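Please look at the sequence and the three-dimensional structure below, and keep both in view while you read. The paragraphs that follow lead from one part of the chain to the next.

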Amino acid sequence: MTATVIDGKAFAAKVREQVAEHVARLKEENGITPGLAVVLVGEDPASQVYVRSKGKQTVEVGMNSFEHKLDVDTSEEDLLALLDELNADPAVHGILVQLPLPGHLNEDLVINRIDPAKDVDGFHISNVGLLGTGQKSMVPCTPLGCLMMLRDHHGSLSGLNAVVVGRSNIVGKPMANLLLRDSCTVTIAHSRTKEIEALCKTADIVVAAVGRPEMVTGDWIKPGATVIDVGINRIDAPEKGEGKTRLVGDCHYESCAEVAGAITPVPGGVGPMTIACLLANTLTACCRANDLAEPEGLTA
Ligand SMILES: Nc1nc(=O)c2c([nH]1)NC[C@@H]1CN(c3ccc(C(=O)N[C@@H](CCC(=O)O)C(=O)O)cc3)C=[N+]21
Ligand SMILES: [Mg+2]
């Protein structure tokens with residue numbers, strides 16, 4: 001068996017198209033342009049790439065993009081003051097603080113300063129609590145993108161066994177909550193899980209989000225299962241030449257694809273969906289802020 005490849009890049013392009021259509025309508029009928037503010041502290045090269053890509057795609061769907069690049073030694077006080085300004089700015093509907101922050105900044109404190117209604121990452125404790133109790137919230141972009149692909153592939157997820165490998169606040173835990181809400185039987189596995197391989201083999205859906213290159217191999221996968229690979233790991237690729245690297249997921253693609261029914265590739269799977277969902281969340285936040293109907297199919 002060879003797995004169906006779930007094309008996240010193409011799916012993300014479709015999501016962005018839907019967002020763009022809705023944004024055009026908002027402008028025309030309501031005179032409103034959604035705005036996304038992205039705050040980057042420091043000069044981490046990978047973060048700069050993501051922020052640039054987010055800014056570009058934000059403008060492409062017709063939204064306003066506000067980029068705030070702060071010095072690596074910015075004080076917590078100054079960062080919090082900027083967030084207060086963005087919270088109060090009616091042109092800003094979504095705020096994202098790029099993580100990780102430099103070590104002297106308290107991430108929890110910073111994230112919880114964002115107005116929950118503008119928290120398009122869904123990381124504010126209010127949004128975490130709302131999601132955990134099945135109430136309307138802002139949903140973290142990466143798990144939302146995974147959910148969209150799963151719903152698209154399976155239709156209903158009801159009754160399926162899902163194993164989420166990884167227990168982070170930004171992917172594992174919200175992913176588990178979303179799958180539970182769609183009536184999956186959910187298990188969260190992590191570094192201390194006993195017989196993790198046998199556990200994964202019981203799953204109809206495996207979501208891998210551990211940050212360990214190619215950890216999940218084909219012998220962990222039940223024949224026909226769906227594999228969602230959240231990992232983005234840059235590893236050495238001497239076969240491509242001296243000093244070269246390549247991107248791999250948390251799943252060993254070739255061996256998993258031999259057994260799985262469907263699988264997301266890296267790159268071109270979850271990554272592009274994450275940014276598309278950030279735009280979708282910004283649109284959702286803008287609609288809610290203006291008491292307008294939310295975009296259908298773009299929320300959890
Ligand atoms: N507050 C916050 N929210 C985030 O959502 C957030 C963050 N901080 N910090 C950094 C991570 C990382 N992240 C990615 C988004 C898209 C791709 C993506 O599109 N990747 C491409 C490949 C990119 C490449 O070639 O390097 C792909 O998978 O096809 C990757 C990584 C969002 N993050
Ligand atoms: Mg820190």
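For "binding site", an unreviewed UniProt entry lists Gly166, Arg167, Ser168 and Ile232; such UniProt positions are given in the numbering used here, feature names are shortened, and annotations may be inferred rather than shown by experiment. Residues are numbered from 1 along each chain as its sequence is written, while chains are lettered from A and ligands numbered from 1 in the order in which they are written. The model is predicted, and for that reason local features need pLDDT of at least 70 and side-chain atom pairs count only at pLDDT 80 or more, whereas totals for chains, interfaces and linings use all residues.

Two of the listed positions can be followed in some detail. Gly166 is found in the loop between strand S5 (161–165) and helix H7, where helices (H or I, at least four residues) and strands (E, at least two) are DSSP runs, numbered from the N terminus. Is Gly166 buried or exposed? A residue is called buried if 20 or more other C-beta atoms lie within 10 Å of its own, exposed if 12 or fewer, and partly exposed in between, with C-beta atoms placed from the backbone. Gly166 counts as buried because it has 24 C-beta neighbours inside 10 Å. Leaving aside neighbours within four places in sequence, Gly166 is in contact with Val171, Gly172, His190, Ala208, Ala209 and Val210, a contact being a pair of residues whose C-beta atoms, placed from the backbone, lie within 7 Å.

Ile232, by comparison, lies in the loop between strand S8 (226–229) and strand S9 (233–236). With 18 C-beta neighbours inside 10 Å, Ile232 counts as partly exposed. When residues up to four places away in sequence are not counted, Ile232 touches Leu247, Val266 and Gly271.

Of the 16 residues around ligand 1, Gln98, Leu99, Pro267, Gly271 and Thr274 come nearest; a residue is taken as near a molecule if its C-beta atom, placed from the backbone, lies within 6 Å of it. The elements that give two or more residues to this shell are strand S4 (94–97) and helix H10 (270–289), and H10 gives the most, with four residues. By type, the shell divides into eleven nonpolar residues, four polar and one charged, where Ala, Val, Leu, Ile, Met, Phe, Trp, Tyr, Cys and Pro count as nonpolar, Asp, Glu, Lys and Arg as charged, and the others, Gly among them, as polar.

Most residues other than glycine have a negative phi, and most peptide bonds are trans. Leu99 and Pro100, however, are joined by a cis peptide bond with omega about 0 degrees, and Pro100 is found in the loop between S4 and helix H4 (107–111). A cis peptide bond also joins Val266 and Pro267, with omega about -5 degrees; Pro267 lies in the loop between strand S11 (262–263) and H10. Glu214 has a positive phi of about 55 degrees although it is not a glycine, and this residue lies in the loop between strand S7 (205–208) and S8. Glu214 is buried, with 20 other C-beta atoms within 10 Å.

Finally, turn to helix H5 (residues 125–132), whose buried residues are Asn127, Val128 and Leu131. These residues cover an arc of only 105 degrees around the axis, which puts them on the same side of H5; the arc is that of the directions from the helix axis to the C-beta atoms. The buried residues of H5 pack against helix H7 (172–181). Val139, found in the loop between H5 and helix H6 (141–154), counts as buried with 26 C-beta neighbours inside 10 Å. Val139 and Thr299 are 160 residues apart in sequence and 8.0 Å apart in space, C-alpha to C-alpha.

Definitions and conventions. Two residues are in contact if their C-beta atoms, placed from the backbone, lie within 7 Å.
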